[in-house]
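Colleague: Hi! Could you walk me through this one? I'm still new to reading structures.

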Amino acid sequence: MNADKLAPEALRLYAITDRRWLGEKKLSDDVEAVLKGGATMLQLREKHLDTDDFQKEAAVIQKLCAAYHVPFIVNDNVDVAKAIGADGVHVGQSDMAAMDVRARLGSDKIIGVSVSTVKEALEAEREGADYLGVGAVFATGTKDDASAVSHETLKAICDAVAIPVVAIGGITADNLPELSGTGICGVSVISALFAQADPFHAAKTLRTLSDRCFPQT
């Protein structure tokens, strides 16, 4: 992996969007709030938009991320990511394999893969992943299919691979410190940001905690 492409510090506070709590607000407003609050990376996750609407929204969010010098990642949709020139794509175990994503996007793009075992982590690394998302490390209501990953397994994954690892799943300001010492570079959060009345303040709090708990060497 090219260290210039994805510094481990970029995973310190990795925000993943979810529009279910928007109400009358625009997603771009909440995205800008978490970017102002200190998010270091942002993933656009849309499971129910058609391709055209997804691409239009992605272009708006991409501009915001560029303004804050934060990597912009598209969840799953390689076609949208390629069309707008996103910084990268994140895929799950049931999505396109990392090596196939790499073939589509090229060597300069960031590829993240969701894993929950050491075996999956090693396979993703071999296939060219730039970082791993490991979870769910706590109980979560955001992803119904998320399997539980013990903190021992999280640490084992971090020890087994040379690429950066971010934890995901049920992470809040209250339980984030429990992940200190596992070897992760940071946390990936959804509801702890986008379900909050004040996403800016939520991001600021989580960023401060992440900086304290996951110091870079």
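Modeller: Happy to! One term to start with: a salt bridge is a side-chain nitrogen of Lys or Arg within 4 Å of a carboxyl oxygen of Asp or Glu. With that in hand, R12, R207 and D211 are linked in a network of salt bridges. Please keep in mind that this is a predicted model.

Colleague: Why would side chains pair up like that?

Modeller: Side chains of opposite charge can pair when their charged atoms come close.

Colleague: How many salt bridges are there in the whole structure?

Modeller: A search of the whole structure turns up 10 salt bridges.

Colleague: Nice. What does R19 pair with?

Modeller: R19 forms a salt bridge with E46, where the closest N and O atoms are 2.9 Å apart. This pair links distant parts of the chain: R19 is in the loop between β1 (13–16) and α1 (27–37), while E46 is in the loop between β2 (41–44) and α2 (51–67), 27 residues apart. R19 also forms a salt bridge with E57, with the closest N and O atoms 2.2 Å apart. Since E57 sits in helix α2 and R19 in the loop between β1 and α1, that pair ties together parts that are 38 residues apart in sequence.

Colleague: And are those residues buried or exposed?

Modeller: R19 is partly exposed, with a relative accessible area of 35%. E46 is buried, at 9%, and E57 is buried too, at 13%.

Colleague: What about D18, which residue does it bridge to?

Modeller: D18 forms a salt bridge with R20, and their closest N and O atoms are 3.0 Å apart. D18 counts as buried because its relative accessibility is 9%, and buried means under 20%. R20 has 47% relative accessibility, so R20 counts as partly exposed.

Colleague: Which residues make the contact?

Modeller: From α5 there are V118, A121, L122 and E125, and from α6 there are A156, I157 and A160. By class, this contact of α5 with α6 has six nonpolar, no polar and one charged residues.

Technical notes:
Residues are numbered from 1 along each chain as its sequence is written. This is a predicted model: local features need pLDDT of at least 70, side-chain atom pairs count only at pLDDT 80 or more; totals for chains, interfaces and linings use all residues. Side-chain values use heavy atoms; hydrogens and water are left out. Buried means under 20% relative accessible area, exposed over 50%, partly exposed in between (1.4 Å probe, protein chains only). Helices (H or I, at least four residues) and strands (E, at least two) are DSSP runs, numbered from the N terminus. Contact means heavy atoms within 4.5 Å. Ala, Val, Leu, Ile, Met, Phe, Trp, Tyr, Cys and Pro count as nonpolar, Asp, Glu, Lys and Arg as charged, and the others, Gly among them, as polar.
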